[in-house]
Structures are given as C-alpha cells and as structure tokens.
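We will go from one stop to the next.

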Amino acid sequence: MADNSTLSMKDYTNYLASVNIWKYLSPCLIIVGTFANILSIIVLLRKSMRNSTTMFYLTILAFGDLSVLYTGLLRQWLRHAFDIDLRSYSNFGCKLHVFLVYFTLDFSTWILVAVTIDRCISVCLPFKSRDYCTMKHAKIAVISICVLLCALNGHLFGTVALDGNQGCYGISSFILSVWPWIDLCAFCIGPFAVMMVCNIFIIRQIVMSNKRIESHKDPGGRNLKIELPIPSTSSAYRNGHAPKTHGRHSKNKRRLRKISHVTIMLLTVNIVYFTCTLPIAIYLIGYKFWVPGATAERRAALDLVWAISNFLQYTNNTIHFFMYCLTSPKFRKELFSLFDMKHTHVEFEHSAAYKQDTANVTKF
C-alpha cells in the first residue's frame, strides 16, 4: 500500500467523489432546471398571471436561474466530463465568463430581493402600492439592478486573467483577500437580511389583519356587520353613500389567505436561498487560508467541499418551480390548467373580489 506522502490529490476518494458530482449530478441539475424554469416562465406568462409585478419579477427570476445554470454549472460539467474549459480559449473569454457567472448569480439574488420588497409594500402599504408597485417601476428596478451589478462586478475584467496552463485565476490581492467578503455581503448575507426584514413586516401585518378580522366576530363565530377601515377617498364616500358591508369580512378573509400563501412561498424561497448559498460564500472566504500548505489529502477533501457547495448553490436555481408548486395554490391551478388536468382544489373562489385587485393582493 502506497504511503500517503506518495499519493497525489487524484488518488483520494474525496477527489473522485467530487469529480463524480460534477460529471453525473451536474447534467441532472441542468436538465431538471431547464424544464422547471421554462415551465415557470410559461405558467407565469399566462393571461391570468402576467398582469402583476410579482409575476413579472418571478418570470425574470426564472430567466436569471436559467442563465446561472448555463454560465456556471454548464462550464463545470464540460470541464470535468470532457476536459473542455470555456475559460481557457482566450484571456478575454476568461474575464467575460467569470464576470457572467458572478453577474447572473447576483442578478437572480437581487431579483428575489426585489420581489420580496414588492410584496412587503403591497401588504403593508396597500394603498400606496397602487403608485409604487407598477410594471413601470418593476422594469426600472430590473434595469437598475443590472446596471448596479455591472458596476459591482466590472472589476473582474481587470482582476482575473488567463495564466497559461494554470487556468483562469485572480491576479490581484483585492480579489483574493477583499472581494470574497464583499461577495459574501452582496450575494448572501445582505440580500437575506433585506428579505427577512421584509418578511417580518409582512407576517406582522398578516397577524394584525387577522386579529382585526377576528375581533369583528360575535361569540358564536358569525361575522358582524362592522367594516374594516377603508380610505375615505373611495368612490362610495365621494358620492355620499356608505359602502355595503355584506360579505366584507369573508372577502377580507379570502384576501388575507391569499396574502398568506404568497408569504409562505416567499419565506420558503428565501430560507432555501440562504441555506444553499451560505456554504459557498464561506468557502470562498476560507479558501486562501485552507489551501496554502495543504496536503494532497486535505486538498482532495477541499475539492469535495467545493463540489458540494456548488451543487447546493445551483440547486437553489433549479428548484424554484417546485417551491411554487408546493406553496402557491394559484400557481398549481394554472399549471394544471396548462395541461388540461382536472383540478379539484377548492382554494380558489371564482368571484369578482378575487379578480379585481391583482396588482395588490392576488399576485400569486
């Protein structure tokens, strides 16, 4: 049996396991992610879905997820399965590909932040959301995210280069020592903090609204004819007539339930995002401390950690469709309708109240 000192990194089981992850699991993620994200786009662009800012953001997110899979994961699969490295053909190709990987990953992340902020405004400031949560503002937000992320990642054209047979690597102390910390904040901790704050506000508003509705019931559980506060600028008040109260509480209850569905969906997506992206962010920070002087066995173990961290990261860009299916009754309904399947779920009431305000509370 060979002594450990004579073994190369490629002789260890951990290294072989990492290669197998890239070879055999990567194409699975690419295939599943491609079909899942395309299905998401098709469903989200259906007539009953595409007229809200939430659907717009989620459609953009699906395109972003596809871009992530075909810039980052596809390159890793080609590299390990066929010994083809897209970054090795030219110095500019090296710089461009690194930029695109970082840009697409950040783009998907901040689109997720944008849709969470959009929902927070819609739930917590429903009357102002008519002015702020519009398609025009959503498109401006997407363009702004693109511009800011280009500025954030633009340094990669000067801080990475193709180094002969060594591959495409960072050539400055900035990208090795400073950039991983910036990336951790911009890609993982910062976005997650914003999403969690928004979700806390949303949950708080839902709880308060639920208490307000419940307080308008008599001891027997029947809805009393007491109105929830509505803006004095409504057409009924302007015409000198008080609005009808019949059925108002049941409508409010339905609206609250729909808001809750979206909140559960976003909270699930946010938590899965943080869980899947934190490991690779930590790895990129620790890499420069762990690799120098490491033995072949340790480097093989680090290769396995790198493969698993990447697999988790790309899984996040693959499974949004399945999370929508699990947590959004409306998405499931549209999906079943798309395939002409009999849908027996009774969560959706076909009423005017359900259809009239898709820009605010019926976004998902």
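**Cysteines, then a threonine**

Start by selecting C150, which counts as partly exposed because its relative accessibility is 35%. Keep in mind that this is a predicted model. Next, look for a partner. C150 is in no disulfide. The nearest cysteine sulfur belongs to C146 and is 6.6 Å away.

The cut-off for a disulfide is 2.5 Å between the sulfur atoms.

How many disulfides does the model hold? The count is 1. To see it, select C94 and C168, which are joined with an S to S distance of 1.7 Å. The pair links distant parts of the chain, 74 residues apart. C94 sits in helix α3, and C168 sits in strand β2 (residues 168-170). Look along the S-S bond: the link is right-handed, with 70 degrees about that bond. Are these two cysteines buried or exposed? Both C94 and C168 are buried.

Stay on helix α3, which covers residues 91-124, and select T104. T104 counts as buried because its relative accessibility is 9%, under the 20% limit. Show its side chain. A polar atom there lies 2.8 Å from the backbone oxygen of L100. The T104 side chain also reaches the backbone oxygen of V101, at 3.1 Å.

Last, show what surrounds T104. Leaving out residues up to four places away in sequence, T104 touches S67, V68 and T71.

Notes: Residues numbered from 1 in each chain as written. Predicted model: local features only at pLDDT ≥ 70, side-chain atom pairs only at ≥ 80, totals over all residues. Heavy atoms only, no water. Helix = DSSP H or I, 4+ residues; strand = E, 2+ residues; numbered from the N terminus. Buried < 20%, exposed > 50% of the residue type's maximum accessible area, 1.4 Å probe, protein only. Polar contact = N/O pair within 3.5 Å; in protein donor to acceptor, adjacent residues only side chain to side chain. Contact = heavy atoms within 4.5 Å.
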